[in-house]
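Have the structure open as you read.

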Amino acid sequence: MSSKKLIFILIFGLQSGLAISQSLFRRYFDNLINDTTDISKPQFLLYPTVAYAPETSWELGLSSLLVYYAKRDTTNRLSEISGFTFFTLQSQYGFWFDHAIYSDQDKWFFLGRLRFQSFPLKYHGIGIDSPRDYLALVEANQILIKERVLRELRPNLYFGVEADFQRMANVDFIPSSEAFDFPLPVGSEGSTNFGLGVGMVYDDRYNVLNVRNGHFAELAFLNYSSALSSYGFKAVLMDTRIFRPVGKNGVLAWQAIGQFYSGNVPFNHLSLLGGDSMMRGYYLGRFRDRNQFATQLEFRMLPLPLGFSKRIGAAVFAGSGTVFPELSLESINKMVWSAGGGLRFLLFPKKDIYTRFDVAFTREGSGFYLFIGEAF
């Protein structure tokens, strides 16, 4: 075979490969944007993410989402499984896996998450009066697994077991200033803790990624026995959410959470205020203590009533919360606030799933969030 023929074959093969790749990408993008699939068919989304934060530098990631109805029966509730893996230019990495799965006829409900990460954690101290500037950057390897296995007792009411496993190893507290001294918290050397308990959930939501009308309430008790854990402590967890339609496309959503710990609680198990869901705008763990109470209200317009697009929506939200060492009026008299708004894009029209971009403001700064599905 002559060299000219070989070059021609290579070029032709390369062009054909590019054409096939472009065709597959175009088909994937068209299915994603236009949502041409059968409503009962499972839908899978895979997309890259890019982010930047001072403690990580640039972060590159890959996210995935699977949504489906059990047995492709649309009278069942929509189940969702999401995954996220990332690494940063500072050699940090992690894998997150969340799920809310309903069995056929919604008789069983599996709700849980998994986190495996080597990621910095800003430690500001303990209490609502902890300093704005963090005391130390905590580097550690973390494994977090929480699972609920719930059985329906009567329509929308579930009862079952809950388990929580957390391991923090290779812990290193790096002070923000070499001249600054502070006491290390309980668990600063790392710990492995396993909690087992019971939970009751009332859930009449149909689409957990975008609830337009419904309720969710959870009450759980977990015991972290010293026989199975590095530290012995107990936890009572509460979460209540109410969603009400307003007009044709509006939704008024409200959530309140309470977390109450007793015993010898390590710092990484304390109630954490902040994050991408509750009290957006604050770094997760900016405030921490044995107990927490927080609430938020959000108004969603899905889509906007302007008529120029059926896929563009928006939301405004506000929240308030506190952490405290013990249940007393003196302990809970200080609250912090968070407020903001964002845009929505209807990603899967047939399943009524939006992606959200939120901007949140607090007394200490702002935060930006990009996720599929609503914050709660």
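A quick term before we start: a residue is called buried when its relative accessible area is under 20%, exposed when over 50%, and partly exposed in between. Keep in mind that this is a predicted model.

Q: How many salt bridges does the structure hold?
A: Side chains of opposite charge can pair when their charged atoms come close. Here, the number of salt bridges in the structure is 20.

Q: How many residues apart in sequence are the parts that glutamate 152 and lysine 107 tie together?
A: These two form a salt bridge, with the closest N and O atoms 3.4 Å apart. Glutamate 152 sits in strand β7 (residues 136–154), while lysine 107 is in the loop between β4 (93–102) and β5 (108–118). So the pair ties together parts whose separation in sequence is 45 residues.

Q: Is glutamate 152 buried or exposed?
A: The cut-off for buried is under 20% relative accessible area. Glutamate 152 has a value of 15%, so it counts as buried.

Q: Which residue meets arginine 212 in a salt bridge?
A: Arginine 212 is in the loop between β9 (191–203) and β10 (214–224), and its partner is in the loop between β17 (336–348) and β18 (353–362), 140 residues apart. The N to O distance is 2.6 Å, and the partner is aspartate 352.

Q: What is the relative accessible area of arginine 344?
A: Arginine 344 forms a salt bridge with glutamate 298, the closest N and O atoms being 3.6 Å apart. Glutamate 298 lies in strand β15 (residues 291–301) and arginine 344 in strand β17. Glutamate 298 is buried at 0%, and arginine 344 is buried too, with a relative accessible area of 1%.

Q: Which side chain makes a polar contact of 3.2 Å with glutamine 296?
A: Glutamine 296 is in strand β15 and counts as buried at 4% relative accessibility. Its side chain makes a polar contact of 2.7 Å with the side chain of glutamine 255. The 3.2 Å contact joins glutamine 296 to the side chain of arginine 280.

Conventions: Residues numbered from 1 in each chain as written. Predicted model: local features only at pLDDT ≥ 70, side-chain atom pairs only at ≥ 80, totals over all residues. Heavy atoms only, no water. Salt bridge = Lys/Arg side-chain N within 4 Å of Asp/Glu carboxyl O. Helix = DSSP H or I, 4+ residues; strand = E, 2+ residues; numbered from the N terminus. Buried < 20%, exposed > 50% of the residue type's maximum accessible area, 1.4 Å probe, protein only. Polar contact = N/O pair within 3.5 Å; in protein donor to acceptor, adjacent residues only side chain to side chain.
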